[in-house]
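Please take a moment to look through the structure shown here before reading on. The paragraphs that follow go step by step through a part of its fold and then turn to its ligand.

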Amino acid sequence: MNYISTRGDTPATGLSAALTAGLAPDGGLYVPDHLPLLSMADFDGANTLSDVAERLLAAFFAGDALADALPAICADALDIPVPLRALPDGHSWLLELFHGPTAAFKDFGARFLAAALARIGDAGHVRTVLVATSGDTGAAVAAAFHRRPGFRVVILYPQGKVSPRQAHQLGCFGDNVHAFQVGGSFDDCQALVKRALNDSDLAARMALTSANSISLGRLLPQMSYYALASLQHWRQHQRKLGFVVPTGNLGNALAAMLARECGLPIGPVALATNANRGLADFFVGADYAPRTSIATLANAMDVGAPSNFERLRWLYPDDDALRRMFRVGWVDDMEIRDVITRTSQRDGLTLCPHTATAARQYERLRKTGDEADYALVATAHPAKFEQIVGPLIGAAVPVPAALQALLQRPARAQPVAARYADLLATLELL
Ligand SMILES: *Cc1c(COP(=O)(O)O)cnc(C)c1O
């Protein structure tokens, strides 16, 4: 398998090189030059996330030096439970993606990327993993690379725009992990990272790599839980499973579509955004235009310019065809609060604010007569957002053990202005 750029101006390259580079040299995003088509029989006997990932990703690793390491990478990185919990209405499920070390789905991608990069020979070189985060990515990347020889992690997050527990997680690792709180928005953080990754002067002095959702090493493994859940559902019910995906940078949603294009028994994919409604507006006919992000309760989705939109357009080049692929809805903070409260009272189930956007979009789909089976994708544990969720459900949110362990460590982050020169100066001092 070769990888090409969404902008078409980069020579085809192998997986290892694409993983290491992060962004393609022409500023585009790496995508596979074709998609494999698998059949249900290809997954016979594969019952765990790691097994399913190995079968699904074999074609994506074929021909690369990393191909032989794929089973070990999957076993290392994807040893995380992914329960598909039946919901009381009888035709929906909750796909819980928050049982990893930092209690959000970003753990799958971050751990896989770390396991893969660690096996790409570059002995004696320290690589700097640069990551912009709207809350959850940074912690997942920090956990995945913490104390890994040959790596250091630089996290940029928007000061005051992540939850207190998210901020604690970002600052609590220490050692080879450096957390910076940027005086700006998530989009500012993302722009700084993109600029650094495109800066050839900087590249000459420092081996930089990205861990944002633009990274192929995160995108590829995210297909695997959609594959596993849809296979389990098919084996049990002989029906396709649709998904409602809470969406920010479109990485998780894109992974669902890629898994479907690879032949997995996936039904409709619906997307939910928060009040950053640019994507929803595009899907009802507006021109696509990046916007300034606004702060919402579902802060890990506060994205005005979804970085994976470019990959979506590569997958579906015709805008009208693309618009027919998804039902996209945006959900404001009042609805998020309302859904969290109602779901808790009705089902005894506590949702995080991001997952609540999917639950709201699911309600709308049902109201329009959509009868597909759907899994709501639960992207984070509600305990990461206890200051929002606790008062709404009128009770404390139980904290998972892994999160508790992180919250007990001391945390610190260094302030930095949202200016490229300041970031450069800071990097030189590390
Ligand atoms: C990152 C994140 C999202 C959005 O995922 P994208 O891949 O950026 O669309 C949704 N929910 C949570 C909890 C997240 O951390």
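In this predicted model, Arg-85 stands opposite Leu-94, a residue of strand β4. Strand β4 covers residues 92-96 and is joined by 3 bridges to β3, the two strands running antiparallel. As a general point, the strands of a sheet pair through backbone hydrogen bonds, and they may do so in either a parallel or an antiparallel way.

From this pair one can move on to the sheet as a whole, which is open, has 6 strands in the order β3-β4-β12-β9-β10-β11, and shows mixed pairing. At its edges are β3, residues 84-86, and β11, residues 326-330, each of which pairs on one side only. From one strand to the next, the twist averages 25°.

Helix α10, made up of residues 251-261, lies across four of these strands, namely β9 (241-246), β10 (266-273), β11 and β12 (373-378), and it runs at about 170° to β10.

The ligand is the next stop, and 15 residues surround it, the closest being Lys-106, Asp-136, Gly-248, Asn-249 and Thr-379. The side chain of Lys-106 places an N or O atom 2.6 Å from an oxygen atom of the ligand, while Asn-249 has a backbone N or O atom that lies 2.8 Å from a ligand oxygen atom. A polar backbone atom of Asn-252 is likewise 2.8 Å from an oxygen atom of the ligand. Taken alone, the ligand exposes 380 Å², of which the protein buries 98%.

Terms used: Residues are numbered from 1 along each chain as its sequence is written. This is a predicted model: local features need pLDDT of at least 70, side-chain atom pairs count only at pLDDT 80 or more; totals for chains, interfaces and linings use all residues. Side-chain values use heavy atoms; hydrogens and water are left out. Two strands pair if DSSP finds at least two bridges between them. Helices (H or I, at least four residues) and strands (E, at least two) are DSSP runs, numbered from the N terminus. Axes are lines fitted to C-alpha atoms, for helices over the stretch in contact, and angles run from 0 to 180 degrees between N-to-C directions. Contact means heavy atoms within 4.5 Å. A residue is near a molecule or strand if one of its heavy atoms lies within 4 Å of it. A polar contact is a pair of N or O atoms within 3.5 Å; within protein, one must be able to donate a hydrogen and the other to accept it, and residues adjacent in sequence count only if both atoms are side-chain atoms. Accessible areas come from the Shrake-Rupley method with a 1.4 Å probe; for residues, only the protein chains shown count as cover.
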